[in-house]
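Take a look at the model below.

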Amino acid sequence: NVQTPTTQPSVEPTIENTNVLGSGDVRVGLILPLTQGSGPSLVGTSMRNAAELAIAESGGSDISLMVFDDQSSPEGASGATQSALAQGAELIIGPLYANNVREASRLARGAGKSMIAFSTDTNVASRGTYLLSFLVEGYVNRIVDFAAQRGKKSFAALVPENDYGTVALAEFQQAAARRNIRVQAIERYAP
């Protein structure tokens, strides 16, 4: 009894928590923090929904946006970036968090692909890694300028102990010095 082999259609590799938005020929990897800890991430889900809306509004015929979960960690960003590159991504969009951007950038650069990240930390930008975000330095300067224009001469800062907080604190101290404002206290906290 001889069986005739059947031809299977080729199936592109996929990973868990991956989906594709759009149907175009240009493949773009979108790396988002879809999960955090043991549950879904509100910010990642919101960003994914925004991407889906943008693709739907544009017609989605030029690109295929492959969505990957970085699990809100550098290790997850590494895995997501590797998967995106293995699935033919010509460009990487994301991740969001600075430590994740550092890891993803290293891999994208090694593959000769550009990345547009969402981090607010300008320290993660480099040749081939660009930022599409509102930078914390601008926020800090506007807040300090606003308060100084209203006659405030003494400030205190409550700053998270993370990369964002470190960048914000450095800019705060520079902005206060430029405006000749006294910094009364600085307190750091675990985010």
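Predicted model: local features only at pLDDT ≥ 70, side-chain atom pairs only at ≥ 80, totals over all residues.

Residues are numbered from 1 along each chain as its sequence is written, and side-chain values use heavy atoms, with hydrogens and water left out.

Helices (H or I, at least four residues) and strands (E, at least two) are DSSP runs, numbered from the N terminus. The expected span of a helix is 1.5 Å times one less than its number of residues.

| Helix | Residues | Number of residues | End-to-end C-alpha distance | Expected span |
|---|---|---|---|---|
| Helix 3 | 98-110 | 13 residues | 18 Å | 18 Å |

**Helix 3.** Buried means under 20% relative accessible area, exposed over 50%, and partly exposed in between (1.4 Å probe, protein chains only). Ala 98, Asn 100, Val 101, Ala 104, Ser 105, Leu 107 and Ala 108 are buried in helix 3. Their cover includes helix 2 (74-86), strand 6 (91-93), strand 7 (114-117), strand 8 (129-131) and helix 5. Gly 112 follows helix 3 and has a positive phi, near 75°.

**Helix 4.** Here the buried residues are Val 136, Glu 137, Val 140, Asn 141, Val 144, Ala 147 and Ala 148. They lie on the same side of helix 4, because they cover an arc of only 135° around the axis. That arc is taken from the directions from the helix axis to the C-beta atoms. Arg 142, Ile 143 and Gln 149 are exposed on the other side of helix 4. Strand 9 (154-160) and helix 5 are among the elements that cover the buried residues of helix 4. Just after helix 4, Gly 151 takes a positive phi of about 85°.

**Val 144.** Which residues does Val 144 touch, not counting residues up to four places away in sequence? They are Phe 155, Phe 172, Ala 175, Ala 176, Arg 179 and Ile 181. Contact means heavy atoms within 4.5 Å. Val 144 has a relative accessible area of 2%, so it is buried. Val 144 and Val 101 are 43 residues apart in sequence, and their C-alpha atoms are 28 Å apart in space.

**The patch.** Phe 134, Tyr 139, Ile 143 and Tyr 164 make a nonpolar surface patch of about 460 Å². Tyr 164 sits in helix 5 (residues 163-178). Tyr 164 counts as partly exposed because its relative accessibility is 38%. Patches are made of residues with over 30% relative accessible area and no salt bridge; like charges are joined within 9 Å, nonpolar side chains (Val, Leu, Ile, Met, Phe, Trp, Tyr) within 5 Å. A salt bridge is a side-chain nitrogen of Lys or Arg within 4 Å of a carboxyl oxygen of Asp or Glu. Accessible areas come from the Shrake-Rupley method with a 1.4 Å probe, and for residues only the protein chains shown count as cover.
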